Amino acid sequence: MPQYGLALRYFSVMTLLVLISGLWMFVTNTSLNVEGTSSYYVLKSFYGLLETVSPHLFSMAVLIFILTHFFAIVSGVKHKNFRLFSILFFLFMLLSNVSGFFIEESGVFFSLLKLGSTLLFTLFSFFALYKLFKIT
């Protein structure tokens with residue numbers, strides 16, 4: 001195990017717990033369907049959405065920053081399509097946060113965008129954590 005292996009394992013476990021609890025709350029609030037997503041986000045005010053999105057943008061961006069730097073720095077974590085992975089990871093985070101502002105009661109597109117981008121962001125995070133955990 002590398003000298004930084006224990007720190008990476010602790011980071012991975014804590015991040016995994018945060019992701020699982022966030023996904024659990026998302027499923028509880030939206031039921032992972034278009035109608036549930038629409039009904040949950042339509043009821044929120046602009047200020048309410050802004051209160052939620054502000055800390056999420058910061059914390060999700062920091063997570064992406066840390067995970068992608070591990071990919072770039074730690075030997076053994078290299079990924080073939082690192083640049084594409086990083087861009088998509090950031091894009092899914094951004095879409096997941098911003099799409100909630102555009103969800104309307106009868107609109108399906110932004111509800112699907114919110115659902116898809118949130119799930120893909122979570123999957124990308126799990127994949128990155130798996131790659132990190134595998135080398136430690």
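Two exercises on a predicted model follow, each with a worked solution. Residues are numbered from 1 along each chain as its sequence is written, and side-chain values use heavy atoms, without hydrogens and water. Local features need pLDDT of at least 70 and side-chain atom pairs 80 or more, while totals for chains, interfaces and linings use all residues.

**Exercise 1.** Determine how α1 and α5 are oriented to each other.

Solution.
1. Helix α1 covers residues 5-30 and helix α5 residues 109-135; helices are DSSP runs of H or I with at least four residues, numbered from the N terminus.
2. The two pack at an angle of about 160 degrees, and their axes are 10 Å apart. Axes are lines fitted to C-alpha atoms over the stretch in contact, and angles run from 0 to 180 degrees between N-to-C directions.
3. Angles over 145 degrees count as roughly antiparallel, so α1 and α5 are roughly antiparallel to each other.
4. On the α1 side, the contact (heavy atoms within 4.5 Å) includes Leu8, Phe11 and Leu19, and on the α5 side Leu115, Phe126 and Leu132.
5. The contact residues divide into 16 nonpolar, 6 polar and 2 charged. Nonpolar covers Ala, Val, Leu, Ile, Met, Phe, Trp, Tyr, Cys and Pro; charged covers Asp, Glu, Lys and Arg; the others, Gly among them, are polar.

**Exercise 2.** Describe the backbone and the exposure of Ser31.

Solution.
1. Ser31 is found in the loop between α1 and α2 (34-42).
2. Phi of Ser31 is near 60 degrees, a positive value in a residue other than glycine.
3. Ser31 has 46% relative accessibility and therefore counts as partly exposed (buried is under 20% relative accessible area, exposed over 50%, partly exposed in between, with a 1.4 Å probe and protein chains only).

Terms used
Angles under 35 degrees count as roughly parallel, over 145 as roughly antiparallel, 65 to 115 as roughly perpendicular and the rest as oblique.
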